[in-house]
Amino acid sequence: MERICEAELMDDLAQAEAYGAADFSSSDRDLVEWIAKQFPGGLGENLVDLGCGPGNITFLLAEKYPEARVLGLDGALAMLGLAEERRLSEQVRFQEALLPCPELEGGHTAVISNSLLHHLHDPQVLWQSVRQLGAPGAAVVIHDLRRPSNETEQEALVERYAAGAPAILRRDYSQSLRAAFTLAEVREQLALAGLSQLQLAERDDRYLVVWGRLTP
Ligand SMILES: C[S@@+](CC[C@H](N)C(=O)[O-])C[C@H]1O[C@@H](n2cnc3c(N)ncnc32)[C@H](O)[C@@H]1O
């Protein structure tokens, strides 16, 4: 099934609010625990979460790594407004940044991103941002949906995971699945970006994950 891009930014207020109100806590917590297992020595002191949205993963990372500072970046002010409303401490900061953003400083000990890749019309924007923002040897985890093989599979996933969700979320979820990449496409992206040392695998019935370290 061919990829159909969706809008990059989630800057529509109704869309951002529906996303912010949805409960993704179970899969988000699973992901943060999965990350912790891959990096038993921790993620260092200076983490960045790309395409942070309302901060779901950003806050969970801060909770898991209380000694670390966590920066959430997103290009959508509607999302960042929700994230700021939830922010309780200086450990977490949010910043508006539309990637690619050459002005952003590098040197982060970990670069994390959940569900950004499929939004990007040019996926190299993410891989080059990972290289730009990570310190040498930084931990990297990029987690996203993977594109189903056909529309029947796409509809089945929407039924399985978004059956009772509001219409706006069902629509977004369906479009996101169609906009996602396959494992083979991501492998090519990594080779093109000079990041072939990172590992790539399927996760569950609907995700893919890239993880490892930047070259020291
Ligand atoms: C599906 S949400 C994921 C939010 C969050 N990472 C999570 O796991 O809940 C994708 C986010 O990526 C942001 N985004 C998309 N394209 C972007 C870009 N080029 N630069 C920065 N943020 C972007 C969107 O605005 C949206 O908030």
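Predicted model: local features only at pLDDT ≥ 70, side-chain atom pairs only at ≥ 80, totals over all residues.
Residues are numbered from 1 along each chain as its sequence is written, and side-chain values use heavy atoms, with hydrogens and water left out.

View 1. C101 is buried, at 12% relative accessible area. The closest cysteine sulfur to that of C101 belongs to C52 and is 13 Å away, too far for a bond. With a disulfide taken as a pair of cysteine sulfur atoms within 2.5 Å, the count is zero.

**View 2. Shell around the ligand.** The shell has 21 residues (a heavy atom within 4 Å of the ligand), and E8, Y19, G51, D74 and N114 come nearest. Twelve of the shell residues are nonpolar, seven polar and two charged; Ala, Val, Leu, Ile, Met, Phe, Trp, Tyr, Cys and Pro count as nonpolar, Asp, Glu, Lys and Arg as charged, and the others, Gly among them, as polar.

View 3. A polar contact here is a pair of N or O atoms within 3.5 Å. An oxygen atom of the ligand lies 2.7 Å from a polar side-chain atom of Y19. A ligand nitrogen is 3.2 Å from an N or O atom in the side chain of E8, and a nitrogen atom of the ligand is 3.1 Å from a polar backbone atom of G75. Of the 600 Å² of accessible area that the ligand has on its own, the protein covers 98% (Shrake-Rupley method, 1.4 Å probe).

Technical notes
Polar contact = N/O pair within 3.5 Å; in protein donor to acceptor, adjacent residues only side chain to side chain. Buried < 20%, exposed > 50% of the residue type's maximum accessible area, 1.4 Å probe, protein only.
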